[in-house]
Amino acid sequence: MMPHDVIKRPLITEKTSIQKEKLNQISFEVDRRANRISIKKAVEKIFDVNVDAVRTIQVKGKVKRRGLITGKRKDWKKAIVTLKPGERIDFFEGV
Amino acid sequence: MQVSVEDINSVKKTLHIEIPEETVVQELDKAYNKLRKKAKVKGFRTGKVPRSVVVRLFKKDVQADVTSSLIQSSFLDALKKTDLKIVGTPNVDPPKLEATGPYRYDATVEISPELEDIEYRGLSLKRTNYKVLDEEIEAQLKMLQKNMARHQKIAEDRPAQNDDFVLIDYEGFKEGRPFAETAKTENFNMKIGEGPIIKDFDDQLISMKPGDKKDFEVKFPQDYFNKKLADLDISFQVTLHEIREEVFPEIDDVLAKKAGQYESLDELKKAISDNLEQGYNKRMEQELHEQIYKELISRSDFELPDVMVDMELEGIIEEAERSFAYRNISMEDIGLTRESIAEKYRDTAAKQVKRHVLLGKLIDQESLTISDDELEDGLKEMADSFNQPIEQIKNYYNQNKNKIEYFKHTLLEKKAIKLIIDSSEIEDVEPQKEEAAAED
């Protein structure tokens, strides 16, 4: 898989902002098939940084209902990437 | 803040303005902080969005806002510092605002012309004394008489002749069939010899008697004004009902009463002569003013800012539009556009602006003011000319406070002109004959 197929988009929320400030961690939505190693490689390639560690989480899509009809948002994979000290990523044009 | 002024011409300047970095940063901070409190961004609660995110999302908007507010405030300051009186809106082409470093921009402004004191005394002016002549009154009466003429059936029994008015029915046929352009028309009143249809038609009517019927053929020429009839042979059937003649009323008290609210002929004559005299007085005044302006402009010429001319021009065009609208025609119908009018009247507008500037200067120079009494008189005069009670006029101005300033200014200008006339030498001249005839 090409690096751009692995990483779908960065996640920018209050939580990730704090992680970025305090822990030098960046979060992405990634392809569900990707593993920590391929994510690490992809991030290093796209953003030209050194990655310290990657943690991944399977995020379950929420079940949404409207009256009797229930639906489910799709599940996805989140990756929290820790950068080596001193490295940083300046966002963003969207990947 | 630093300002430097560059002259382009006497009424056009470019201001180079530089705003120091601190001010820029301060303003930007203020704007971002304000925005942060309100911005709604997905993934963040309202008010918790970090500055970096806000900057990334709203940079363009914020910069545009800050730029315009910076320019506004600094421009006003710059004006105070440089002590320029600008007219119209400044022309600013703002460069992009950077997050750091001072902000520089240029503003092109136009200022009202600075005039030297005007020496207005001792102009020698010529005043033409127009007099109302008896012949003119006679002519007006004749015209009135003609307007009030009635058509009357002639008493004698005679055939129609030239200059008679006849009442006819007519119908035209093209190749034996009724034709739309000459459909049957009843009780058509026409004067023989004027040829409302065509001269040949009139000729055929001569020597017909009331009650007569006649069939005849008329050939319309190729260049006939009605294209649908041009170059056609039309056969007409005409019935003549009545021969009439024009009866002019006597010029006497009866006519005077009919013409309006006049008791007698003398009164009517007086009204006519008053009317003429008013016109002449106005003309005299205008000619005097014309001379004054010409003289003053030659004494102190100056350049005019374009905006002032444009503004005046706008007024002229609006006036024209209004008067066209009043007559229920649009300018486009008669082939005029705003642009063509603007081009045509640009000189006039410039002239008018010059006059206003000159008079304005004179008002300053002599520190003329309008007292309450004078204002009252002015309003009264206006009330008379509009035929409205003075209270109504006053009411109007009470509701429109800025209009009254404008009106006061008009009065001031009048006063200034009067001052010029009073301190000029006026030579009375007799009107030249041909000029008198040119009236009306």
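I count a contact when heavy atoms lie within 4.5 Å. The model is predicted.

**Entry: A:S27.** I asked which residues A:S27 touches beyond its neighbours within four places in sequence. I found A:P10, A:L11, A:T16, A:Q19, A:A79 and A:I80. A:S27 sits in strand β2 of chain A, residues 25-30. Buried or exposed? A:S27 is buried, at 3% relative accessibility.

**Entry: the core.** I looked up the largest nonpolar core and found 46 residues in it. B:I292, B:L296, B:L379 and B:I420 have the most contacts inside it. Several helices of chain B each supply at least two of its residues, among them α6 (265-299) and α11 (401-422). Which helix gives the most to this core? It is α8(B), with nine residues. I then checked B:L296, which touches B:I420, B:L358 and B:L123, among others.

**Entry: salt bridges.** I looked at three of them.

- B:E27 pairs with B:K30, the closest N and O atoms being 3.6 Å apart. Both lie in helix α1 of chain B, about one turn apart. B:K30 is exposed at 54%, while B:E27 is partly exposed at 23%.
- B:R322 pairs with B:E319 at 3.2 Å. Both lie in helix α7 of chain B, three residues apart.
- B:K415 pairs with B:E374, also at 3.2 Å. B:K415 is in helix α11 and B:E374 in helix α9, so this pair ties together parts 41 residues apart in sequence. B:K415 is partly exposed at 28%, and B:E374 is partly exposed at 29%.

Technical notes. Residues are numbered from 1 along each chain as its sequence is written. Chains are lettered from A and ligands numbered from 1 in the order in which they are written. This is a predicted model: local features need pLDDT of at least 70, side-chain atom pairs count only at pLDDT 80 or more; totals for chains, interfaces and linings use all residues. Side-chain values use heavy atoms; hydrogens and water are left out. A nonpolar core is a set of buried Ala, Val, Leu, Ile, Met, Phe, Trp, Tyr and Cys residues joined through side-chain atoms within 4.5 Å. Buried means under 20% relative accessible area, exposed over 50%, partly exposed in between (1.4 Å probe, protein chains only). Helices (H or I, at least four residues) and strands (E, at least two) are DSSP runs, numbered from the N terminus. A salt bridge is a side-chain nitrogen of Lys or Arg within 4 Å of a carboxyl oxygen of Asp or Glu.
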